[in-house]
Amino acid sequence: SSFSSLEPVPTVASVDDTEVDSAGGGNQTIVITGTNFSSGSVASFVGSSASFNASTTTVDSATQITAVAPKASFLNAQEPYKVKVTSASGLAGTSATGLINVDNAPTWTTNAGSLGSIMESATGNHFTVSASDAEGDTVAYSLQSGSLAGLSLNSSSGVISGDPTDVSSDTTNSFTLRATAGSKTADRTFTITTNASNYFGDGSDGALNTTP
């Protein structure tokens, strides 16, 4: 072979960022730690069936490389990615295990805005909010801000249920829900209108109001 066998083979030990938000846009900067890194080395990311080179590879020292790659190049179906460093003369070292996973924020499938209206006397299940996650991570739902007007939110199913707080006139409540999947979150704001019953229990009406 044309290169000296005395040149040490690079080894890859770890990276500083083990998660890429592949839908986040822009580039991911990944600092690679290892040994025997030399000028002219190229970092690449090795998926389950495909690999790609970093856009830029900067050899900071014999034990550190800073690599930059587009976030969109990391595919969920290819995770986890091993990290490979190839020297200018063709010697290559690859991490023993996958070091980089893909983790995107969940996506709301329920449109923002009004979920609908319910009678103040209603009970049971009223609405279901839903979000999905590209990685198939379990999505958990939580109330981020505002009020559910006496209703409760099931954190795993997204079902909003219960007996709403009684109102003297039709009342719209605004609230923000958070969907969490893995370590990423997405917030969305919704409203629910609670309708007052068409009769008055205080006798002021004198009769049931049968207005439709």
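The protein chain contains zero helices and 19 strands, where helices (H or I, at least four residues) and strands (E, at least two) are DSSP runs numbered from the N terminus. The radius of gyration is 28 Å, well over the 17 Å that the globule rule gives for 212 residues, so the chain is more spread out than a compact globule; the radius is taken over C-alpha atoms, and the rule is 2.2 Å times the number of residues to the power 0.38. Along the principal axes, the C-alpha atoms fill a box of roughly 105 × 25 × 20 Å.

The structure is a predicted model, in which local features need pLDDT of at least 70 and side-chain atom pairs count only at pLDDT 80 or more, while totals for chains, interfaces and linings use all residues. Residues are numbered from 1 along each chain as its sequence is written, and side-chain values use heavy atoms, with hydrogens and water left out.

Of the 212 residues, 37% are buried, the term buried standing for under 20% relative accessible area, exposed for over 50%, and partly exposed for values in between (1.4 Å probe, protein chains only). The chain exposes about 10800 Å², of which carbon and sulfur atoms supply 48%; accessible areas come from the Shrake-Rupley method with a 1.4 Å probe, and for residues only the protein chains shown count as cover. With contact defined as heavy atoms within 4.5 Å, 63% of the contacts between residues at least 6 apart in sequence join residues at least 24 apart.

The mean positions of the 6 positive and 18 negative charges lie 15 Å apart. In this count Lys and Arg are positive and Asp and Glu negative, whereas His and the chain ends are not counted; each charge is placed at NZ of Lys, CZ of Arg, CG of Asp or CD of Glu.

Three salt bridges are counted, each requiring a side-chain nitrogen of Lys or Arg within 4 Å of a carboxyl oxygen of Asp or Glu. In one of them, Lys184 pairs with Glu19, with the closest N and O atoms 3.1 Å apart. Lys184 belongs to strand β19 (residues 184-195) and Glu19 to strand β2 (residues 19-20), so this pair ties together parts that are 165 residues apart in sequence. Lys184 also meets the side chain of Asp103 in a salt bridge (3.7 Å, N to O). This second pair likewise links distant parts of the chain, 81 residues apart, since Asp103 lies in the loop between β10 (101-102) and β11 (107-108). Glu19, Asp103 and Lys184 are thus linked in a network of salt bridges, in which Asp103 is buried at 4% relative accessibility and Glu19 is partly exposed at 31%. A further salt bridge joins Asp187 to Arg178, with the closest N and O atoms 2.7 Å apart; Asp187 is partly exposed at 38% relative accessibility, as is Arg178 at 24%.

Lys71, in the loop between β7 (64-70) and β8 (82-86), is buried yet has no salt bridge, the nearest side chain of opposite charge, Asp21, being 5.8 Å away. Beyond its neighbours within four places in sequence, Lys71 contacts a set of residues including Val20, Asp21, Ser22 and Gln28. Ala43, in strand β4 (residues 42-46), is buried at 0% relative accessibility.
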